[in-house]
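Me: I would like to learn how to read a protein model, one feature at a time. Can we start with charged side chains and then go on to strands?

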Amino acid sequence: MSTVKPLTVVVFGATGNQGGSVLRVLAEYPKSYTVRAITRSTQSKNAQELIAKYPQIQWVEADIENPESLRPAVSNADIVFGVTQFFQPSVLSAVGTNEDAEFQQGKNIIDACVAENVGFVVFSTLPSAKKLSNGKITEVLHFEGKYKIQEYLLAQPIDSAVVQMGIYFQNNIQGASWNESGDTVVISFPGDVNRKLPYADVNRDAGPYVKYIIDNRDKTKGKVFPVSSGYYSTTDIANALTRVTGLKTVAVELPTSVFGDKDLQGMFELIKTHDIFADSPNHLETNKNIPFEFTTPETFWKTSGFQGPPK
């Protein structure tokens with residue numbers, strides 16, 4: 001009786017949010033996938049915890065800013081999941097002098113995949129703020145760098161697809177605080193708290209979507225897939241927290257000027273007036289093809305374990 005050899009899937013950012021989500025989902029199917037997890041250091045706390053939890057996974061040290069380390073990392077891979085790291089010091093320190101620093105990370109991974117003749121590449125990117133705003137919003141470098149990676153990947157002589165994550169539900173935890181009397185949770189958002197935006201739980205939703213793409217490569221190659229579970233407002237999310245935990249919660253609008261960082265200011269200015277997934281307004285239809293219950297605000301608060309911000 002013949003057996004099908006598992007696909008070798010290389011996962012970059014394996015100790016992070018998106019890569020970690022992909023790793024966890026694929027690890028559930030050892031007969032279908034052999035996972036090779038990439039991290040800069042297998043001695044880091046996160047890596048050591050995952051190594052103990054997933055002993056069947058191969059862990060490889062490689063650095064997306066060191067091209068020489070990448071070809072061995074993707075050698076003999078059937079599939080590669082790639083993700084870059086805008087908010088690491090080496091990229092942030094280059095803003096204003098080398099605005100292609102994040103693009104170079106992605107190019108390094110893609111070039112290694114092309115050189116090693118990888119069968120299929122899935123990369124996490126974002127749309128261009130410049131294109132969405134017709135050139136009015138130009139400061140959102142973590143969008144532009146990822147979009148440039150997307151354009152570069154799709155022009156290469158290998159099969160590939162792209163995922164673009166929606167706004168993270170996790171941002172609402174970062175934006176949560178207590179009011180002055182300490183009896184109400186305040187979820188702050190720099191924009192209209194009643195505007196509905198495409199949200200996703202990066203820890204839950206990324207992995208199932210990437211699995212769907214690689215399981216349907218003939219149908220998904222060459223395409224861009226926005227990933228969100230639905231359109232929700234900050235008010236919707238605040239009300240869900242009350243329903244799940246019983247905590248009194250309100251949503252409060254902040255001016256974008258509270259962010260000193262131009263990149264974040266530009267991002268929030270963009271989502272004030274534009275749907276970041278405007279090029280793919282029917283993307284939620286794809287969710288129906290994936291055997292997974294995508295995250296709702298209620299699901300997020302239940303699975304996050306959030307019981308209120310620190311006092």
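Reply: Start with a definition: a salt bridge is a side-chain nitrogen of Lys or Arg within 4 Å of a carboxyl oxygen of Asp or Glu. Keep in mind that this is a predicted model.

Me: How many salt bridges does a search of the whole structure find?

Reply: Side chains of opposite charge can pair when their charged atoms come close. Here, searching the whole structure gives nine salt bridges. One of them joins D100 and K148, whose closest N and O atoms are 3.0 Å apart.

Me: Where do D100 and K148 lie?

Reply: D100 is in the loop between α4 and α5 (101–115), while K148 is in helix α7 (residues 141–154). The pair therefore ties together parts that are 48 residues apart in sequence. D100, at 33%, is partly exposed, and so is K148, at 36%.

Me: Which residue does K211 meet in a salt bridge?

Reply: The partner of K211 is D215, with 2.7 Å from N to O. Both sit in helix α9 (residues 202–215), and because they are four residues apart, about one helical turn separates them. K211 has a relative accessible area of 19%, so this residue counts as buried. D215, at 39%, is partly exposed.

Me: What is the closest distance between N and O atoms in the salt bridge of R243 and E298?

Reply: That distance is 2.3 Å. This pair links distant parts of the chain, since R243 belongs to helix α11 and E298 to helix α14 (residues 297–304), 55 residues apart. R243 is exposed, with a relative accessible area of 55%, and E298 is partly exposed at 25%.

Me: Now the strands. In which sense do β1 and β2 pair?

Reply: Strands of a sheet pair through backbone hydrogen bonds, either parallel or antiparallel. In this model β1 and β2 pair in the parallel sense, over five bridges. Strand β2 (residues 33–39) is mostly covered, as six of its seven residues are buried.

Me: What else does strand β1 pair with?

Reply: Strand β1 (residues 7–11) is also joined to β4, by three bridges, and the two run parallel. V10 has V80 in β4 as its bridge partner. Strand β4 in turn is joined by four bridges to strand β5 (residues 120–125), again running parallel.

Me: Which way do the side chains of β4 point?

Reply: In a regular strand the side chains alternate between the two faces of the sheet. In β4 (residues 79–82), I79 and F81 point one way and V80 and G82 the other way. All of these residues are buried.

Me: What is the strand order of the sheet that contains β8?

Reply: The order is β8-β9-β13, in an open sheet of three strands with mixed pairing. Its edge strands are β8 (176–178) and β13 (249–253), each pairing on one side only. From one strand to the next the twist averages 35 degrees. Strand β9 (residues 185–189) runs antiparallel to β8, and three bridges join them. Within that pair, A176 stands opposite I187. Helix α11 (residues 234–245) lies across β9 and β13, and runs at about 160 degrees to β13.

Me: Last, the surface. Which residues make the nonpolar patch?

Reply: F87, L92 and V95 make a nonpolar surface patch of about 260 Å². L92 lies in helix α4 (residues 89–92) and is partly exposed, with a relative accessible area of 36%.

Key
Residues numbered from 1 in each chain as written. Predicted model: local features only at pLDDT ≥ 70, side-chain atom pairs only at ≥ 80, totals over all residues. Heavy atoms only, no water. Patch = residues over 30% accessible without salt bridge, like charges linked within 9 Å, V, L, I, M, F, W, Y side chains within 5 Å. Areas by Shrake-Rupley, 256 points an atom, 1.4 Å probe, with all protein chains shown as cover. Buried < 20%, exposed > 50% of the residue type's maximum accessible area, 1.4 Å probe, protein only. Pairing = 2+ DSSP bridges. Axes fitted to C-alpha atoms, helices over the stretch in contact; angles between N-to-C directions. Contact = heavy atoms within 4.5 Å.
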